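Colleague: I have a structure to go through with you before the group meeting. Could you put it up, please?

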Amino acid sequence: MKQLFDTVSFKCSKLVTKNYSTSFSLAVYMLSPSIRDAIYSIYGFVRFADEIVDSFHGYEKEYLINDFEKEYYKAYEAGISLNPILNSFQHTVKEYHITDDLVQAFMKSMKLDLVKQNYDSQEEYNEYIYGSADVVGLMCLKIFVKGKEEKYNQLKAEAMRLGSAFQKVNFLRDLKEDNLVLNRNYFPGVDLKSFDEKSKRVIIDEIEEDFKIAYQGIVKLPMEAKFGVYTAYVYYKKLLHKLEHTPSNQIGNSRIRVSNYTKFGLLAKSFVSYKLKLV
């Protein structure tokens, strides 16, 4: 039965989410059950593409990412794939009318990670973030508004800023990995070998502005999505706060984390705020 196979496919996407990201998995669980599977499917797709370019050292990454993309389009045309991650994703793309320009922009940024190590201009930086993060926020927004174009357009700008904020926090958190292991520098005009408090402050101020605008969209989200997105927002704000109070030289030499204990504490506080209609 195809329906059983689809169910198994979405469960695989959920498994990917739970194993790769405790924080994101927790946030998805706070969404309405009616939209969780679709969000899991998006995470599974973007996570696998990201893993190809970031983690599969010793393998033909270019071949793998191109094959992954080709197999997605085969799945989209056929309406099925024996790769459960692609099968669940193509199902979500069709159900929620996710436009192909979003998928293409994402894949473009992933492929850039194979050939580009430095982003020297603001334009290059913005283009990469749009493809790697903003469009993921827009894909999720399609699901949150259940494909309703008018509501989507109303919240589009804020969803992109939330995606940007999350990605920039990740860049700051992963400074050591990106610089020492992958030899990448996403921040234009910043020398990671002499990363200092001034450079860190500029980046944090930029992220805080993204969060400020993004919050204006969170409060307008449908009830099915609001608490889950707010939970992710609170977690990333906490991580940013921790990065802000970590010396710049330490950020460049270790990966800053938020403990699981703290994550559950943030969840409890978020729930109280949500129930008191403070969001």
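Modeller: Let us begin with Met-139, which counts as buried because its relative accessibility is 0%; buried means under 20% relative accessible area, exposed over 50% and partly exposed in between, with a 1.4 Å probe and protein chains only. This is a predicted model, in which local features need pLDDT of at least 70 and side-chain atom pairs count only at pLDDT 80 or more, while totals for chains, interfaces and linings use all residues. Residues are numbered from 1 along each chain as its sequence is written, and side-chain values use heavy atoms, with hydrogens and water left out.

Colleague: Where is Met-139 found?

Modeller: Met-139 is found in helix H7. Helices here are DSSP runs of H or I with at least four residues, strands are runs of E with at least two, and both are numbered from the N terminus.

Colleague: And which residues is Met-139 in contact with, leaving aside its neighbours within four places in sequence?

Modeller: Met-139 is in contact with Ile-42, Phe-89, Ile-98, Leu-102, Val-103 and Phe-106, where contact means heavy atoms within 4.5 Å.

Colleague: Let us follow Ile-98, then. Where is Ile-98 found?

Modeller: Ile-98 is found in the loop between helix H5 (84-95) and helix H6 (100-115). Ile-98 is buried, with a relative accessible area of 6%. Not counting residues up to four places away in sequence, Ile-98 touches Ile-42, Thr-92, Val-93, Met-139 and Lys-142. Between the C-alpha atoms of Ile-98 and Glu-77, 21 residues apart along the chain, the separation is 14 Å.

Colleague: Stepping back, how many helices and strands does the protein chain have?

Modeller: The protein chain has 13 helices and zero strands. Its radius of gyration is 18 Å, close to the 19 Å that the globule rule gives for 279 residues, so the protein chain is as compact as a globular protein of that length. The radius is taken over C-alpha atoms, and the rule is 2.2 Å times the number of residues to the power 0.38. Along the principal axes, the C-alpha atoms fill a box of roughly 55 × 50 × 35 Å.

Colleague: What share of the residues is buried?

Modeller: Buried residues make up 52% of the 279 residues in the protein chain. Among contacts with a separation of 6 or more, 70% come from residues 24 or more positions apart.

Colleague: How many positive and negative side chains are there?

Modeller: The protein chain has 39 positive and 36 negative side chains, and the centres of the two sets lie 8 Å apart. Lys and Arg count as positive and Asp and Glu as negative, whereas His and the chain ends are not counted. The place of a charge is taken as NZ of Lys, CZ of Arg, CG of Asp or CD of Glu.

Colleague: Changing topic to cysteines: how many disulfides does the structure hold?

Modeller: The structure holds zero disulfides, a disulfide being a pair of cysteine sulfur atoms within 2.5 Å. For Cys-12, the nearest cysteine sulfur is that of Cys-140, 19 Å away.

Colleague: Are Cys-12 and Cys-140 buried or partly exposed?

Modeller: Cys-12 is partly exposed, with a relative accessible area of 25%. Cys-140 is buried, with a relative accessible area of 9%.

Colleague: Next, the backbone. What is the phi of Lys-146?

Modeller: Lys-146 has a positive phi of about 55 degrees although it is not a glycine. Lys-146 sits in the loop between helix H7 (122-144) and helix H8 (149-173), and is partly exposed at a relative accessible area of 46%.

Colleague: What about the phi of Asn-183?

Modeller: The phi of Asn-183 is near 55 degrees, a positive value in a residue other than glycine. Asn-183 has its place in the loop between helix H9 (175-181) and helix H10 (197-218). At 43% relative accessibility, Asn-183 counts as partly exposed.

Colleague: Finally, where does Thr-246 lie?

Modeller: Thr-246 lies in the loop between H11 and helix H12 (248-251). Thr-246 is buried, with a relative accessible area of 8%. Helix H11 (residues 223-244) contains Lys-237, which counts as partly exposed at 33% relative accessibility.
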